[in-house]
Amino acid sequence: MVKASGFLIALDDGHGLGTAGKRTPYIPSIGRQIQENEFNERVTYFLKLELERCGFRTLLTAPTDADTPLKSRTDAANSMGADALISNHYNAFDGKFDGPGKDAEGHSLHIYFNDAEDRRLAEHIATYLKQGTKQVYRGIIEQNLHMTREFNGPAVLVENGFMDNEREALLTFNEDFQRETAREQALGICDFFGVPYAAAGNGGPVGTPPDTGGTSNDPVAGKRVESIYKGAEGLDFYSCPTFDDRYRAGTLKFGYGFPTIVRNLKVEGADMYEVKNSRGYVYYVTASPLFVKVEGSSQSSGGTASPPATGGPIAIGELTIIGVANAAIIQDRPDRLTSKNLGTIRKGRNIPVTGSVKGKNSSSGYWEVIYNGKRAYVTGEFGRYKAY
Ligand SMILES: [Zn+2]
């Protein structure tokens with residue numbers, strides 16, 4: 001039996017939340033326009049949950065709301081060695097609603113010229129997409145698109161409907177349609193890799209987080225939590241209970257947060273809050289009082305009063321990771337020969353710094369950083385420092 005965990009699937013949500021032009025016409029029944037990325041991001045999120053439940057590893061090529069350059073997206077997928085790439089979009093024709101029956105409509109799958117693997121993946125996905133919500137099937141289209149051309153493995157870009165068709169524009173907003181689309185794509189991806197599809201409700205890493213002793217009696221349950229982290233890149237949050245970059249779902253700027261804490265969890269030896277956003281979607285964010293504060297509790301979270309009194313790490317600035325191919329190793333002590341590897345941080349990402357030390361076995365010394373709320377070390381030449 002082929003193991004899903006052997007495959008990394010790159011998930012690409014087209015455009016950014018504010019991308020000019022990429023939106024529906026004004027929709028009178030909801031009183032606004034819908035950004036294409038609102039749909040792309042939701043389907044990608046649901047697809048991520050589907051695939052992770054089936055055992056796949058996933059990589060978000062554009063994890064923030066920004067309009068990530070196409071090259072960064074394919075570079076991320078290629079450098080991580082992703083085994084397939086799925087890009088979700090919503091099509092447009094003339095930018096206006098012409099009335100029922102008069103607008104362009106339907107879904108299509110876009111692949112690169114003469115790419116047999118692209119085509120095989122697209123065929124598997126199309127089999128299921130055709131079975132869902134009734135739409136015109138516009139077929140598998142060979143086209144010169146950056147995402148399918150530059151990604152090294154099989155890649156499919158799905159146009160899931162037309163933004164300037166009022167009926168299909170309203171579908172972008174429909175969570176049942178978003179979830180159904182993600183499920184159909186996941187079924188096709190499972191078939192392509194020869195992996196059994198795991199239907200929702202059968203457990204798995206997402207949707208049923210391990211019970212790690214958190215209870216609804218948590219004094220913080222139901223409260224708002226927000227970022228007090230001043231770093232330019234914001235505070236990471238995740239789609240599963242982990243600090244693993246691969247499950248990073250987005251970042252919180254200073255003062256931004258989640259309206260509802262569900263519970264407190266112990267994850268990889270550190271505290272994490274399971275939280276819900278205003279739409280009820282579940283995410284995970286550090287519970288370290290160095291990075292977040294809980295509304296209504298006296299000053300900080302988890303019953304800890306103010307910053308730790310006894311020399312807990314205090315960040316003085318942040319480090320941008322440079323000078324490595326993909327990622328720098330985060331060590332538990334400033335000696336690369338005897339240290340334990342606590343994790344990695346990707347090139348270009350930032351991490352809070354508390355200082356620097358000479359340490360051992362590194363001519364460039366070590367940066368002392370805060371990782372998962374604890375003191376850790378990164379080789380000097382791999383970081384560029386900026387004071388807060
Ligand atoms: Zn698009």
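User: Which residue in β9 stands opposite aspartate 236?

Analyst: Aspartate 236 faces threonine 251 in β9. Strands here are DSSP runs of E with at least two residues, numbered from the N terminus. This is a predicted model, where local features need pLDDT of at least 70, side-chain atom pairs count only at pLDDT 80 or more, and totals for chains, interfaces and linings use all residues. Residues are numbered from 1 along each chain as its sequence is written.

User: How many bridges join β8 to β9?

Analyst: Let's start with the idea. Strands of a sheet pair through backbone hydrogen bonds, either parallel or antiparallel. Two strands count as paired if DSSP finds at least two bridges between them. Here, 4 bridges link β8 (residues 235-238) with β9, and the two run antiparallel.

User: What is the order of the strands in the open sheet?

Analyst: The order is β9-β8-β13-β12-β11, 5 strands with antiparallel pairing. At the edges are β9 (248-252) and β11 (260-267), each pairing on one side only.

User: Is glycine 323 buried or exposed, or partly exposed?

Analyst: A residue is buried if 20 or more other C-beta atoms, placed from the backbone, lie within 10 Å of its own, exposed if 12 or fewer, and partly exposed in between. Glycine 323 has 13 other C-beta atoms within 10 Å, so this residue is partly exposed. Glycine 323 sits in the loop between β15 (317-321) and β16 (327-331).

User: How far apart in space are glycine 323 and threonine 133?

Analyst: From C-alpha to C-alpha, glycine 323 and threonine 133 are 48 Å apart, and 190 residues separate them in sequence.
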